[in-house]
Amino acid sequence: MCYATFSYARPRQFSILLAISLIALAAFITAYYHYLQDPVFHQNAYAILTATVLIRCMFVMELNLRPSIKKKQKEYELHAKSPISPKDKAASVARDRRNLDILHTMWWMIAYGISIFLGGFALWNVDTVYCSTLRMWRRNIGLPWGILLEGHGWWHLMTGIGAYYYIVWGVWLRHCLNGRQEEYDLVWPSIWSFPDVARRPAMNGIDRKHK
């Protein structure tokens, strides 16, 4: 995900250098963690990498979809051109409204996914600090309810869910960056369901243009 985030719309040389750098970084983190045998280092490295990727995606999302920012970027391009026709202006207003709706939903998805992720991260740390106490409680309660006190297991489960939200968000954001908002929809009926990006039915030969 880090490579996909930072290599988007970049030259091939940059992408190759980025891939080599990320492989080297992953090898360093793995080797150093094996040397230290300290879970705190592993947790901090994972948190820093995740935060870096998330912040970068948020920046790209706002820069490319926020109508007020895009308007400022286009002011210089349109300054020397003829006035915009009413039809083009109406289309621009519709696109801005659509992008604002997309941004609103994206921010809700980000907040929800991060909340689940951080909740799992908190449980992981609680399990690490109070490991002996939780182990004793699990033995006293017994199966199957003792499983609910497996903090490390909750960490994996909640991290997986949070990562899923991030991946779906990333897929949807990539379609939006490619200007294909009219071809794809985010299907997310409620917070109790998992979101998905679905392609709309073919319209007026749109599929042929992108094949």
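Trainee: How much of this protein is buried?
Mentor: Buried residues make up 26% of the 211 residues. Buried means under 20% relative accessible area, exposed means over 50%, and partly exposed is in between, with a 1.4 Å probe and protein chains only. Keep in mind that this is a predicted model, where local features need pLDDT of at least 70, side-chain atom pairs count only at pLDDT 80 or more, and totals for chains, interfaces and linings use all residues. Residues are numbered from 1 along each chain as its sequence is written, and side-chain values use heavy atoms, with hydrogens and water left out.

Trainee: How do β1 and β2 pair?
Mentor: In the antiparallel sense, over 4 bridges, with β2 covering residues 196-199. Two strands pair if DSSP finds at least two bridges between them. As one example, valine 187 stands opposite aspartate 196 in β2.

Trainee: Where do the side chains of β1 point?
Mentor: They alternate along residues 184-187.

Trainee: Switching to charges, how many salt bridges does the structure hold?
Mentor: It holds 7 salt bridges. A salt bridge is a side-chain nitrogen of Lys or Arg within 4 Å of a carboxyl oxygen of Asp or Glu. Side chains of opposite charge can pair when their charged atoms come close.

Trainee: Which residue does arginine 200 meet in a salt bridge?
Mentor: Aspartate 185, at 2.7 Å from N to O. Arginine 200 lies in the loop between β2 and α8 (206-210) and aspartate 185 in strand β1, so the pair ties together parts that are 15 residues apart in sequence. Arginine 200 counts as partly exposed because its relative accessibility is 28%, and aspartate 185 is partly exposed at 30%. Both belong to a network of salt bridges that links Arg98, Glu182, Asp185 and Arg200.

Trainee: What about glutamate 183, which residue does that one meet?
Mentor: Glutamate 183 and arginine 199 meet in a salt bridge at 3.3 Å, N to O. Glutamate 183 sits in the loop between α7 (151-177) and β1, and arginine 199 is in strand β2, so this pair ties together parts that are 16 residues apart in sequence.

Trainee: Is glutamate 183 buried or exposed?
Mentor: Buried, with a relative accessible area of 7%. Arginine 199 is partly exposed, at 39%.

Trainee: Now aspartate 127. Where is it?
Mentor: Aspartate 127 lies in helix α5, residues 86-129. It is buried yet has no salt bridge. The nearest side chain of opposite charge, arginine 138, is 4.0 Å away. For charge, Lys and Arg count as positive and Asp and Glu as negative, while His and the chain ends are not counted.

Trainee: So what does its side chain reach?
Mentor: The side chain of aspartate 127 reaches the backbone nitrogen of glycine 151 at 3.4 Å. Not counting residues up to four places away in sequence, aspartate 127 touches several residues, among them Leu134, Leu149 and His152. Contact means heavy atoms within 4.5 Å.

Trainee: Last one: why does threonine 5 count as buried?
Mentor: Because its relative accessibility is 12%. Threonine 5 lies in helix α1, residues 2-7, and a polar contact of 3.2 Å joins its side chain to that of tyrosine 166. A polar contact is a pair of N or O atoms within 3.5 Å; within protein, one must be able to donate a hydrogen and the other to accept it, and residues adjacent in sequence count only if both atoms are side-chain atoms. Leaving aside neighbours within four places in sequence, threonine 5 is in contact with Val53, Arg56, Cys57 and Tyr166.

Methods:
Helix = DSSP H or I, 4+ residues; strand = E, 2+ residues; numbered from the N terminus.
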